[in-house]
Amino acid sequence: MGRGKNRGGKKWNRKRKADEKSAKSGKERTNGAGDYHATLNSNAKFEAYYSYVGLHSTRYDEEAKEFVPCTNDEEKHAERDRFMNSMCSILPASFRVDRSLDSTIQT
């Protein structure tokens with residue numbers, strides 16, 4: 001099955017691969033120099049679900065150091081905007097989990 005056939009008309013050849021690599025070594029890479037723009041991702045069902053379950057009905061009070069109910073629609077919309085901005089933020093390549101957390105949360 002597939003023996004003796006090559007893809008693209010070229011067999012794998014160590015010398016040819018080395019020649020191709022040396023030919024590419026002098027060229028400037030263009031894939032990192034593009035003008036890229038991040039697209040805004042949104043999902044109406046996702047947003048509707050979290051609004052329905054009441055995720056935006058509470059906010060964190062810095063002074064009291066606890067979650068308190070939102071008193072009006074403006075606070076709910078502000079909390080929703082904070083939530084969506086945090087969901088759209090890019091995470092670092094690696095991050096650490098605090099070892100003082102419960103072991104069920106760490107796994």
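**Exercise 1.** Find out whether Asp81 is buried, partly exposed or exposed in this predicted model, then work out which residues share its salt-bridge network.

*Solution.* Start with the surface: Asp81 has a relative accessible area of 39%. Partly exposed covers what lies between under 20% (buried) and over 50% (exposed), so Asp81 is partly exposed. Next, look at Arg80, which is partly exposed too, at 25% relative accessibility. The side chains of Asp81 and Arg80 meet in a salt bridge, 3.2 Å from N to O. Now bring in Glu47: salt bridges with shared partners tie Glu47, Arg80 and Asp81 into one network.

**Exercise 2.** Work out where Lys15 and Asp19 sit along helix H1 and what kind of pair they form.

*Solution.* Helix H1 spans residues 14-25, and these two are 4 residues apart in it, so about one helical turn separates them. Then check the atoms: the closest N and O are 3.3 Å apart, and the pair forms a salt bridge. As for the surface, Lys15 is exposed at 59%, whereas Asp19 is partly exposed at 39%.

**Exercise 3.** Which residue does Arg16 pair with in a salt bridge?

*Solution.* Go about one turn along helix H1, 4 residues from Arg16, and you reach Glu20. The closest N and O atoms of Arg16 and Glu20 are 2.8 Å apart, and the two form a salt bridge. Both count as partly exposed: Arg16 at 22% and Glu20 at 28%.

Definitions and conventions. Residues are numbered from 1 along each chain as its sequence is written. This is a predicted model: local features need pLDDT of at least 70, side-chain atom pairs count only at pLDDT 80 or more; totals for chains, interfaces and linings use all residues. Side-chain values use heavy atoms; hydrogens and water are left out. A salt bridge is a side-chain nitrogen of Lys or Arg within 4 Å of a carboxyl oxygen of Asp or Glu. Buried means under 20% relative accessible area, exposed over 50%, partly exposed in between (1.4 Å probe, protein chains only).
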